[in-house]
Amino acid sequence: MFELINKLIRSTMYGLRGLWYGFYTRKNMITTLIVLFIYIFVMWYFDVDVIRAVIILFSCLMIIVAEVINTAIEKVIDVLYPKYNRGLGMAKDISAGAVVVASITAAVVSAILLWEPFTSKISEVFNKGIM
């Protein structure tokens with residue numbers, strides 16, 4: 001039982017170390033984290049319901065997942081093949097493309113889900129100001 005718990009703790013520490021490496025070496029991951037905190041503030045300000053908030057947060061977290069996978073792919077290629085190879089360069093571009101797809105998806109999902117709370121808040125502000 002204790003061996004299983006120790007393995008779980010070690011695996012978690014390795015995973016956290018990998019995340020730290022990703023955030024430390026990839027400014028895009030930091031940017032995504034900053035955007036995530038901005039989204040959290042916006043969702044609080046516009047009083048977004050829980051379901052919308054969870055969907056938006058998951059779509060943003062998918063960007064981080066894509067970044068982590070992209071970083072791992074790029075690191076493996078760089079270590080195993082230090083000299084440029086056109087095919088491997090394409091593989092790196094494709095994995096970077098996954099990050100772009102995740103980013104665009106998160107932006108579209110967020111825009112759709114925040115539209116109604118945004119327009120409601122704006123309408124509320126203008127209605128209070130006119131009366």
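The side chains of Arg 52 and Asp 49 meet in a salt bridge, with 2.9 Å from N to O. This is read from a predicted model. Asp 49 and Arg 52 also belong to a network of salt bridges that includes Glu 116. Asp 49 is partly exposed, because its relative accessible area is 37%, which lies between the 20% limit for buried and the 50% limit for exposed.

**Salt bridges**

Side chains of opposite charge can pair when their charged atoms come close. In this model the count comes to 5 salt bridges. The table gives three of them, including the pair described above.

| Pair | Closest N to O distance |
|---|---|
| Arg 26 and Glu 74 | 2.7 Å |
| Arg 10 and Glu 3 | 3.6 Å |

Arg 26 forms its salt bridge with Glu 74. The two residues are 48 apart and link distant parts of the chain, with Arg 26 in the loop between α1 and α2 (27-45) and Glu 74 in helix α3. Arg 26 has a relative accessible area of 26% and is therefore partly exposed, whereas Glu 74, at 13%, counts as buried. In the pair of Arg 10 and Glu 3, Arg 10 is partly exposed at 39% relative accessibility, and Glu 3 is partly exposed at 48%.

**Helix α3**

Helix α3 covers residues 50-80, which is 31 residues. At 1.5 Å a residue the helix should span 45 Å, and its end C-alpha atoms are 45 Å apart, so the two values agree. The buried residues of α3 include Ile 56, Cys 60, Ile 63, Asn 70 and Glu 74. An α-helix has 3.6 residues a turn, so residues three or four places apart point the same way. Ala 53 also has its place in helix α3 and counts as buried, because its relative accessibility is 15% and the limit is 20%. The C-alpha atom of Ala 53 is separated by 9.0 Å from that of Leu 114, although the two residues are 61 apart along the chain.

**Helix α4**

Ser 110 is placed in helix α4, residues 86-130. Ser 110 counts as buried, because its relative accessibility is 1%. Its side chain makes a polar contact of 3.4 Å with the side chain of Tyr 39.

**The nonpolar patch**

Which helix gives the most to the nonpolar patch? Helix α1 (residues 2-25) does, with 7 residues. The patch lies on the surface and has about 940 Å² of accessible area together; among its members are Phe 2, Ile 9, Met 13 and Val 68. Leu 16, another member, has its place in helix α1. At 46% relative accessibility Leu 16 counts as partly exposed.

**The chain as a whole**

The protein chain has 4 helices and 0 strands, in the order α-α-α-α along the sequence. Its radius of gyration is 20 Å, well over the 14 Å that the globule rule gives for 131 residues, so the chain is more spread out than a compact globule. Along the principal axes, its C-alpha atoms fill a box of roughly 70 × 50 × 20 Å. Buried residues make up 23% of the 131 residues.

Technical notes
Residues numbered from 1 in each chain as written. Predicted model: local features only at pLDDT ≥ 70, side-chain atom pairs only at ≥ 80, totals over all residues. Heavy atoms only, no water. Patch = residues over 30% accessible without salt bridge, like charges linked within 9 Å, V, L, I, M, F, W, Y side chains within 5 Å. Areas by Shrake-Rupley, 256 points an atom, 1.4 Å probe, with all protein chains shown as cover. Salt bridge = Lys/Arg side-chain N within 4 Å of Asp/Glu carboxyl O. Buried < 20%, exposed > 50% of the residue type's maximum accessible area, 1.4 Å probe, protein only. Expected span 1.5 Å × (residues − 1). Rg over C-alpha atoms; globule rule 2.2 N^0.38 Å. Polar contact = N/O pair within 3.5 Å; in protein donor to acceptor, adjacent residues only side chain to side chain.
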